[in-house]
Amino acid sequence: MVKLTIDGRELEFAAGTSLFEACRVARGEALPHFCYHPDLSVAGVCRLCQVEVEGMPKLTIACNTSVREGMVVHTRSERVRRAAQQILEMHLINHPVDCPICDQAGECGLQDQYMNYGLYESEVSISDKVNKAKVQVIGPRVVLDKERCVLCSRCVRFCDEVTRTGELGIFNRGDRAEIGVAPGRQLDNAYSLNTVDICPVGALTSLDFRFKKRVWLLRSTPSICHGCATGCNVRVDHEAGTVYRLKPRRNPAVNGSWMCDEGRDTYRELHAASRLSEPLLRRDGELRAATWPEAWAALAGAAGRELPPGAAVVSPRQSLEEIALFAHLAAALGVPAAAIGGGPREADRGEGDDLLRSADLAPNRAALGWLGLQEPAGADLAARVRAAKGAVLVYGADPAADAPGWREAVAGRTVIHLGTHRNATAEAADIVIPLSAWAERDGLFVNRQGRVQASRRAIARPGLAQEDWRFLADWLAAAGAAEVPASLPELRRWVAGRVTALAGVDLAVLPPEGLVPDAVAAGSGGES
Amino acid sequence: MDLVLTTFLKMAFMLAVILGLVPVLIWAERKGSAYIQDRTGPNRAGIAGIRLAGLIHPIADVLKLLFKEDVRPAGVHRVMYALAPFLVFFIALLTYAVIPFGDYLEVGGRRIPLVVADLDVGILYVLAIASLGTYGIVMGGWASNNKYTFLGAVRSTSQMISYEISMGLALMGLLLVSESLRLTDVVAGQGQLLWGFLPRWGVVIQPLGAILFMTAAFAETNRNPFDLPEGESELVSGYHLEYSSMKFALFFMAEYTNLVVASALIATLYFGGWNIPWLPRAVIEARAGGLLSLLLAAHVAICALAAALFLRRASRERGRFGDGRDREPGLMAGVSILLGLAGLAALALRPWEIGPAGASLLATVLQVGAFVGKVVFFCWFFIWVRWTLPRFRYDQLMHLGWKVMLPLALANLVVTAVVVALV
Amino acid sequence: MKGKVHGYGGKMTLGERLYLGEIFRGLGITIRHVIRNLLHTGDMPTVQYPEERRAYSPRFRGRHRLMKREDGTPRCVACMMCSTACPADCIHIVAEEHPDPAIEKAPASFEIDLLRCVYCGLCEEACPCDAIRMDTGIYDMAADSRAKFYVDKEFLLNNTTDGTR
Ligand code: SF4
Ligand code: SF4
Ligand code: SF4
Ligand code: SF4
Ligand code: FES
């Protein structure tokens, strides 16, 4: 442990801690900075983070200094302030300041820094700024504006150190220096949009999000990505019921500061034209919109005629609570235990890699195992369903598309589809119940590490769609079950009581980085 | 048969005067308020550019109200809701039956008294009918199923009760003096002179009673400063809030009809009715020729003046609007000239040689004219007061009714009784 | 104004409390106005709108217009400063990419709900490009449906009383 004084406060840090992080703790906020990033190597090029260390003749950059015993550091002195002002002034000499059309405005490092350390009465103003290329599409997802770049090299370091693809580099010298892709290449790695996130200014912008919304209008909800089994922590940025983008949320235990590009696209399914917003019932051979009372009547009718025995299939895309409640409901409706399961287990369709992406695209497969539900592959699932007679309940999955032989297996039986989209199974179903998509409800998900993480409700459900657990609980009550959870916390307690892996875990207070139950950590040895 | 016919004719005359006055009053209300507030007032609606200083507006209003949708809000009591405006309007008209609007008309040697029904309990009838008007308002306010209308109705009732008493007491003072409940007697009694030079009008012998009666009349007609049942600022127009189209128009007309009734009553009871002061019937009949000539001459002079003014305006404002409105002053000048010429023609018929039958007719016409003139003046007075005084607060209204007017009316009655007994 | 003005709860003299005298004084004041106005009809301050119109200050905020570049395209760069500043939330802009990288951003649609607008002028003040102005002087707007007050980019671009400025 090392003891040092920052701004008059004496603090202790582990040896080797960067002075930048020490100052962040001491000040309660970070020092002004562009190039420092906790998950990248130190470059020390922007010179914004200079602090005064007693005994040193000149100011020193905090990001490239480690804490030393007895150091006396000043971060708020006039000298430090003046240095930051001058550095900013320098950065702005050739900056276009086209904030009105810059997508970064509102979350721009230059703007934020200038609010605190601006000179306002500029000392350097030139009329012929160096002009560089603007609106350069440098990859399938990223647009580069060379004028706005402050040459912090974060993007270059990301491509060199994290993805190790090295597409970007700094070319030329002096005020001609600029970011660019190596000749003949494109910024097209699977994590390219992270460069946009870490770019402190509007030099790198996302082609997808570009001009869709001004960022200050967005509201953020912490959640997790549902794109694959990794469960990257994300921020859902939305406004007026529409999600505009996903941004990674730092969680060193899961995804660091990053997320993959495909995961960022998953918000689109929330607003797809095929979203279900009202119950559908098959009448005269066609699916027609219905009201909830009609849907309940149809459900009761089908349950009375064809349940038990019946079969039930749930997708590993549903939350832990939902899968548990659904299995419970199926049992209450008389479906034999052998005919309740997950699936269809798909071959891993994702392009897994050793960074973040999992080949397994289901965000909650581990939960099926925890709940003791089997997950047969396509053809096996069809065979199992064929063996069980009576109505077929499908929750969230799309076996009509994914399980060979499914259509023959369910021919002539009532298919009840609970889901969010009009997929192939919904099209072939007799009763279609509209439920909430992932950003429209709260839920717990177990990622590939066995880590339980919370996904939060960000936006409202469309039309008549219902919250999943509430619908399941209502049906449970209608089926005459004794134990019906009255709220989500109650449901969570009930789930925790049924899953051995969760013994002794309080699901109501998950730590921010998620929670790996002790039983799981000991058993699996942890893959991360 | 004759009685029926003459009664019908008299009723027709009364109705014509009253209903004819309503649009004029509405116009006077608007134009008068505008002039009091330094505005121009209505001056837009016109027929081919003829606007008559806004007199066409009431016609436009009536057309508008006639063609408007008759909205009936949900939850109203259908029968009462529909009945209320008719009741209000009908009762407003009833009072006229007992008001004498002239002395008599001599036709073929027979004298027809100019009053529809000469009841010997005329004043009691007036009081009875006047308080009935509130029923329509209460019905309308209650049946509309709206708290504002209901509040308006409740206010109207309590106001009516509070002021009815002072009104009755004030009238009793007058009765003691005139010694009759018959309105014709009351009016005839006011034709004499007091001490040889003062008209023996109600207002002269019962000044306090006159003031009390007029104040109560304002309250009974719901006119400012007593228009709390309407109270736009707090009741968003009160009892008739939920009425539209012609039903609303009936309420609106009833208000002005009531205005005319109240004015006629004031004129009849306290301002000599059809009597022309210092000019009794005998004098008119004796000097008929001279009077008529004088009147005609005056008419010609006024027409000439008007024509001159209109012509001046026509020349000054030539082409001001660039449409039909530019023709108006010229046209009005023409009409004035024609009327003046008619007067001249009448003068050429030697009006100073008028016979005794003509003289009697002239006296009747002048007396009816005097009555109508007084009524019109008091109507204007109502309007004038409305645009001068602010509305009372409700507690002030009650205070005035019960703690000021009632004791004063009682005192007036006692003093009058004592004086009458002594003299 | 002549005469005493009483504060709330002030004492009135006996004469005032008798009301009648004061009422007649009031009636006198109003009738004087009537007579004066009857004799001098021309002196009334009423403006005979719409034939006559009051002259408004050049700073008067009337209906909005969008300014054009020299080539006739909107000057607006769809920065949403105006819609962000707007307290009535009545400006609705959808941005699009401009073919010229020097301009970069342009409004695909630009709509103002004139019925929600409170004519505060904050949009005008917020605009970094002087692209939206409220100097048309147009204040008398009438239409037979609400939809017609929801004006679009074309309307705003050509909505000007004084040519180009
Ligand atoms: S990078 Fe920042 S300062 Fe530069 S134009 Fe964009 S928002 Fe403005
Ligand atoms: S593009 Fe952005 S991240 Fe890359 S060097 Fe420039 S400012 Fe830094
Ligand atoms: S004038 Fe005010 S209310 Fe109207 S559009 Fe502009 S900012 Fe919005
Ligand atoms: S502030 Fe100006 S440039 Fe920006 S969107 Fe509004 S009108 Fe366009
Ligand atoms: S943050 Fe330290 S030099 Fe950039």
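## Chain C and its two neighbours

Let's start with one pair of residues: Arg36(C) forms a salt bridge with Asp38(B), and the closest N and O atoms sit 3.3 Å apart. Keep in mind as you look around that this is a predicted model. That pairing is a handy way in, as the count of salt bridges between chain B and chain C is one.

Stay with chain B and chain C for a moment. Polar contacts turn up here too: across this interface there are eleven residue pairs in polar contact, with both residues at pLDDT 80 or more. On the chain B side, two helices each supply at least two of the residues that touch chain C, namely H1 (2-36) and H14 (356-386). Of the elements of chain B, H14(B) gives the most to that side, with four residues. Sort the residues on this side of chain B by class and you get eleven nonpolar, four polar and five charged.

How much surface goes into this meeting of chains? The size of an interface is often given as the accessible area lost when the parts come together. For chain B and chain C, the buried area is about 1700 Å², and carbon and sulfur atoms give 64% of it. Asp38(B), the salt-bridge partner we began with, shows up again here: together with Tyr35(B) and Trp384(B), Asp38(B) supplies 35% of the area that chain B buries against chain C, more than any other three residues. In terms of contacts, 20 residues of chain B and 21 residues of chain C take part.

Now take a step back and look at chain C by itself. You'll find five helices and five strands in chain C, and if you follow the sequence along, they come in the order α-α-β-α-β-β-α-β-β-α. Is chain C spread out or compact? Its radius of gyration is 26 Å, well over the 15 Å that the globule rule gives for 165 residues, so chain C is more spread out than a compact globule. The C-alpha trace of chain C spans about 85 × 40 × 30 Å along its principal axes. Of the 165 residues in chain C, 34% count as buried. As for contacts inside chain C, take those with a separation of 6 or more: 64% of them are between residues 24 or more positions apart.

Three residues of chain C stand out: Glu97(C), Glu104(C) and Lys105(C) supply 45% of the area that chain C buries against chain A, more than any other three residues.

Between chain C and chain A the count of salt bridges is three, and five residue pairs are in polar contact, both residues being at pLDDT 80 or more.

Notes. Residues numbered from 1 in each chain as written. Chains lettered and ligands numbered in written order. Predicted model: local features only at pLDDT ≥ 70, side-chain atom pairs only at ≥ 80, totals over all residues. Heavy atoms only, no water. Buried area = accessible area lost by both parts, 1.4 Å probe. Salt bridge = Lys/Arg side-chain N within 4 Å of Asp/Glu carboxyl O. Polar contact = N/O pair within 3.5 Å; in protein donor to acceptor, adjacent residues only side chain to side chain. Rg over C-alpha atoms; globule rule 2.2 N^0.38 Å. Buried < 20%, exposed > 50% of the residue type's maximum accessible area, 1.4 Å probe, protein only. Contact = heavy atoms within 4.5 Å. Nonpolar A, V, L, I, M, F, W, Y, C, P; charged D, E, K, R; others polar.
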